[in-house]
Amino acid sequence: MSASHDHSPTKFKGSNKICRVCSDEIGINENRETFVACKECRFPVCRPCYQYERAEGNQCCPHCNTRYKRHKGCPRVAGDDEDDDDYDKDDFEDEFQIKDHSAVPVTVNGNGEYSQHKNVQSAFSLAGSVTGKDYEGGEQKESYSEPDEWKDRVQKWKIRQEKKGLVSKDNHGGGGGINDPPDDDDDDDINLLAEARQPLWRKVPIPSSLISPYRIVIILRLIILIFFFRFRILTPAYDAYPLWLISVICEIWFGFSWVLDQFPKWYPITRETYLDRLSIRFEREGEPNRLAPVDVFVSSVDPLKEPPIITANTVLSILAVDYPVEKITCYVSDDGASMLLFDTLAETAEFARRWVPFCKKYAVEPRAPEYYFSEKIDYLKDKVQPTFVKDRRAMKREYEEFKVRINALVAKAMKKPEEGWVMQDGSPWPGNNTRDHPGMIQVYLGSEGALDVEGKELSRLVYVSREKRPGYQHHKKAGAMNALVRVAAVLTNSPFMLNLDCDHYINNSKAVREAMCFLMDPQLGKKLCYVQFPQRFDGIDRHDRYANRNVVFFDINMKGLDGLQGPVYVGTGCVFNRQALYGYDPPVSEKRPKMTCDCWPSWCCGGSKKPNSKKKGLKSLFGLVGSFKKKKKMGKNYSRKQFDLEEIEEGLEGYEELEKSSLMSQKNFEKRFGQSPVFIASTLKEDGGLPEGTNSSSLVKEAIHVISCGYEEKTEWGKEIGWIYGSVTEDILTGFKMHCRGWKSVYCMPKRPAFKGSAPINLSDRLHQVLRWALGSVEIFLSRHCPLWYGYGGNLKWLSRLAYINTIVYPFTSIPLLAYCTVPAVCLLTGKFIIPTLNNFTSIWFMALFLSIIITGVLELRWSGVSIEDWWRNEQFWVIGGVSAHLFAVFQGLLKVLFGVDTNFTVTAKAADDAEFGELYLFKWTTLLIPPTTLIILNMVGVVAGVSDAINNGYGGWGPLFGKLFFAFWVIVHLYPFLKGLMGRQNRTPTIVVLWSVLLASIFSLLWVRIDPFLAKQTGPILKQCGVEC
């Protein structure tokens, strides 16, 4: 490549046969020459993409940024020069439009004769009616009487339609002539091809009647909040000054937290996909399937705590997904090196040979057998095959036999032999020592494996257990995911990756297609780092006591983020763009300059044409250089061009000087990605795929190498590439880094939930899960990746930054929340209050604040569709988690970061009990239960004390009491689900909980009565009342 010295763009050198936007063939124009969209640089773009860019895009060449000129036969758009009017001549579609409905259509019959018919629809309905005469004002404008001239025009029109993909060369039946009229089947084909050119998705904004009042109330609430804080600060309660000061500080923090949570929800949107268009565009009959391959990652740590039958169901749902089998590969990461999971996958692969064809034959949903057979629905609905009932009964029996075999494996794994596990061939299991074992890879099924019972190929299943040695940092789940990224790059190198937890199965078999509607979109797909799906759960009680479904977050907050730069990554149910995980920047498309004029002075319309044209010329001159620059990422430059490994090793022979200068040296590649030439070659293939001439045995050896425990040393894995290290919630950190580079993400909510999982419905397990999330946020807050100060030189939008700040500061709300929940009890015990006596004017601000809070919630529920019960459960658990798990997370995070005291977490237990909601009432002791239990008892004691005091003081003591009681009941009502969980099904509470809680509450109450900080201290002599004998 070389840049010219004049002001014209550099000519593009490369293949002109394939469109660089949509990868379709470019085709030829009406002169039988290759279609050229941009005559300045000749960048290969097909006619449909050229027309789409002119109509919907920035109307500029993606290579040199030169404005596209209008070609013959293309509709006009705003900004076309008047010189382009010459293209209107000899344009068949423009010359033969119906401007007078009395014109007589002319059709061509099978013998090549021309005849006129009234009230007959044109044969070429998609291009407009074909008329022989065009009348304007009663005067004949132009007519064609010569058949040869007419035939030439039809010929040119047909050629143009073929290039657009609307008419095929052989779609005219038996005559085979180009002038033969199409039949009904041809019309259907034309309609399908036209449908394929339509967008694969559309944005569905929230109706203005719902969102506009919501935004108005938010602004009003912010104004009311400012006046409320003004009143609270300027009117202190001098008789209870410490309580007043604490309450004001807490309220200001709550207001700050509300701003962080509320304003990222300013632009909520929903999206709609068109799966039929995706199939028509990329799965044309008679042509190779062009859907992009997808690697699916399933992560597991301990199969004894994550039941193997759940992991097996997840794998079966992946293998049976509605997607080409050769384009799906399932990778299962076993970070515990368990022989139990290894044997489970072998049994799963064998059962999949019968389960997958059954699912695809009868189109069953969901395709995880455990959940399919347990559904309490009419499974005969929409089923018409007479063999369905018989096959279903046989399949259910085989699945029950499969479960028995898995249960036998679990029972065997409970008793580990002293000499360790032994494999079927008699060799010892390499993972007997889970902390010191080599890397292991086992490939099941696939093109070289077993076929299903119908003789068809199955998707590949790969077992992966990375190497572990003492003295190495393995980074838990993030390290395991990065190992899967490298293994998949070596073995399959699919451009997209779906990651799932072992307990999240595919509930919608078309979920991968839903994601492809965004990732394979020619305009949006190149800028997307991932497509996030909401999490949905099975096995949760109807009332969702502990807000396990997290509906408010997934149906309100995530929709709001989707209207900004995209949703945050939540750790599972996410389809990634592989190039985004490699730390590259998204492609940058410069915006077209605004329209200007030649007005004087120059500021009239934003400047004159000449300066802009000069800038445009300079951009065109350096456009080629910019397009081949190395990808910038946080001050470092990287390249993402497609080059094979052989080209790197052979010194880049055959490339121009500019391309050579834009590539990193082999040494820099190894420093960034590690010392694996096969993996390095895969990173340079933007569209995925393996290098030619590779064999499976050599690839497996290389895959073993890339999962060795020392591979990541002195590389950028976990720092700038892959899942980012430094927090137990690696998902937030990974998504944040991508958004800082300028990538966008999309939130996809199909009508049928894409994925479903199991959630801990037990109170103790739920609190430990929340504790883990909060601890990860605290770690990010105390790291260099904190959104408060990281990435300001990047492309992160400020509302998105607010959302990320909210995700890392919310645990610190636990401190003011704990203090605020203690204040009511203190007020009741002491008879003091944090608010002085209100007058009529100041009481208006209190009423306005409470009304704005209620109205905001109601309007939020209206546009989101969330039920009021889900919203209330979320409010309750916000208080429960805030005074327990979040509080412990803050102190444990400080200890870990400041003093190096690491906290080890056990995996949250998954529900595998057959009894419905059995774990809901199971009690497990944990120190997290002490603070909320103490708060409940303290406030209940305060209520009793306050009422007793009011009774003793008579009628005058009830007035001030109501405000205090309202405050205390607010705390008790929010903690009610926690109190209900403590009681359990048998209403039994462990003695240790009651003992510690009563003890702490009693000590606190006695100390307060003894000290009484609000009692005025006397410094003079003690005066006693004289008695009778004074």
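A residue is called buried here when its relative accessible area is under 20%, computed with a 1.4 Å probe on protein chains only. In this predicted model, that criterion applies throughout helix H22, which spans residues 730–740 and has 11 of its 11 residues buried. Just after H22, Gly-742 adopts a positive phi of about 105°.

Strand E10, at residues 460–465, is also mostly covered, with five of its six residues buried. Strand E8 (residues 328–334) runs parallel to E10 and is joined to it by five bridges, one of the pairings being that of Thr-329 with its bridge partner Arg-460 in E10. Strand E9 (residues 440–445), by contrast, runs antiparallel to E10 and is joined to it by six bridges, and here Gln-442 has Tyr-463 of E10 as its bridge partner.

The next element to follow is a pair of helices. Helix H12 (residues 476–491) packs against helix H21 (residues 696–706) at an angle of about 165°, with the two axes 9 Å apart. Because angles over 145 degrees count as roughly antiparallel, H12 and H21 are therefore described as roughly antiparallel to each other, and their crossing is right-handed. On the H12 side the contact is made by Arg-486, Val-487, Val-490 and Leu-491, which meet Leu-699, Val-700, Glu-702, Ala-703 and Val-706 of H21. The residues of this contact divide into seven nonpolar, no polar and two charged.

Conventions
Residues numbered from 1 in each chain as written. Predicted model: local features only at pLDDT ≥ 70, side-chain atom pairs only at ≥ 80, totals over all residues. Heavy atoms only, no water. Buried < 20%, exposed > 50% of the residue type's maximum accessible area, 1.4 Å probe, protein only. Helix = DSSP H or I, 4+ residues; strand = E, 2+ residues; numbered from the N terminus. Pairing = 2+ DSSP bridges. Axes fitted to C-alpha atoms, helices over the stretch in contact; angles between N-to-C directions. Parallel < 35°, antiparallel > 145°, perpendicular 65-115°, else oblique. Left-handed = near helix turned anticlockwise from the far one by under 90°. Contact = heavy atoms within 4.5 Å. Nonpolar A, V, L, I, M, F, W, Y, C, P; charged D, E, K, R; others polar.
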